[in-house]
Amino acid sequence: AVAVLLAGNLAHAQAPARKIKFRTLCLEHVGDIKQVQLVAPDGKTGIPLDLFTSVISKEVEATVTGDQLNFGIPGKDAKGADGFKPVATAKALASNRQLALFLPGQPGGTPYSVVMVDDNEATWPMGSTRLYNLAPTPVRFDIGENSKVVAPGKSDIVPQAKKVNALNQCPVVISFADKAGKLIPVNSTLWLSTDQQRSLAISFIHPITKQPTVNSFPETPPWGLPKL
């Protein structure tokens with residue numbers, strides 16, 4: 001793993017340094033920005049980070065002072081000097097493992113916005129599904145015998161489904177609220193339910209089709225894989 005010291009703001013200048021491990025995932029690429037760098041305090045160096053849209057990236061270790069995370073691409077900085085053009089900023093969580101979820105930014109802002117997700121197995125255990133609702137309406141996730149309604153911009157977690165078929169699959173129905181607040185099923189499928197993996201499920205309105213959409217990312221985190 002590669003380590004880099006990240007700049008905190010002045011209010012955190014005296015904060016003790018701590019190491020975190022974090023990964024990235026991109027919901028949708030903005031232009032041709034498919035890789036960013038985690039920018040060091042000097043603004044001249046950084047760690048390259050791939051923004052994958054189908055899988056979560058490998059872990060990167062960083063030493064953080066304060067809670068400010070700066071992401072950029074090679075170019076002119078905010079002062080016009082050679083360095084990194086800002087792409088996104090985020091606030092580091094308290095967790096020792098974090099996932100940076102890159103989303104298209106707002107018009108007039110940076111290309112991406114970032115949601116930091118607690119990647120620790122204690123809060124996101126194997127077998128469970130972490131839910132993030134990026135849609136402007138409530139979304140209900142029925143996963144096996146478990147059901148959660150997640151408000152816009154909020155997150156929740158669903159435990160592992162125990163009622164499964166012979167292939168360890170559980171029924172999944174995802175419903176989006178209409179303008180009247182009625183939950184309308186938009187997706188019905190089967191998901192694997194096993195304590196050998198966990199999942200991230202993100203609901204949103206597709207920016208091109210304008211249709212209710214859910215992306216699911218099942219995975220076994222790197223620390224749970226067999227050591228070769």
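The questions below take the words one at a time.

Tutor: This is a predicted model, where local features need pLDDT of at least 70, side-chain atom pairs count only at pLDDT 80 or more, and totals for chains, interfaces and linings use all residues. Residues are numbered from 1 along each chain as its sequence is written, and side-chain values use heavy atoms, with hydrogens and water left out.

Student: How many helices and strands does the chain have?
Tutor: The chain has 0 helices and 17 strands. Both are DSSP runs numbered from the N terminus: helices are H or I with at least four residues, strands are E with at least two.

Student: What makes the chain as compact as a globular protein of that length?
Tutor: The globule rule is 2.2 Å times the number of residues to the power 0.38, and the radius of gyration is taken over C-alpha atoms. For 228 residues the rule gives 17 Å, and the chain has 19 Å, which is close, so the chain is as compact as a globular protein of that length.

Student: Why is Ser 199 called buried?
Tutor: Buried means under 20% relative accessible area, exposed means over 50%, and partly exposed is in between (1.4 Å probe, protein chains only). Ser 199 has 8%, so Ser 199 is buried. Ser 199 sits in strand 16. Among the residues that Ser 199 touches, leaving aside those up to four places away in sequence, are Trp 124, Arg 130 and Phe 217; contact means heavy atoms within 4.5 Å.

Student: Why does Asn 168 count as partly exposed?
Tutor: Its relative accessibility is 39%, so Asn 168 falls in the partly exposed class. Asn 168 is in the loop between strand 13 (155-158) and strand 14 (169-177). Asn 168 also has a positive phi, near 60°, and is not a glycine.

Student: And why does Lys 210 count as exposed?
Tutor: Lys 210 has 56% relative accessibility, so Lys 210 is exposed. Lys 210 lies in the loop between strand 16 and strand 17 (212-219), and its phi is positive, about 65°.

Student: What classes of residue make up the lining of the second largest pocket?
Tutor: There are 7 nonpolar, 2 polar and 1 charged residues. Ala, Val, Leu, Ile, Met, Phe, Trp, Tyr, Cys and Pro count as nonpolar, Asp, Glu, Lys and Arg as charged, and the others, Gly among them, as polar. The lining includes Leu 27, Glu 28 and Gln 106. A pocket is an open set of points on a 1 Å grid over the protein atoms alone, where a 1.4 Å probe fits, with protein on both sides within 12 Å along at least five of seven lines; lining residues have an atom within 4 Å of a point.
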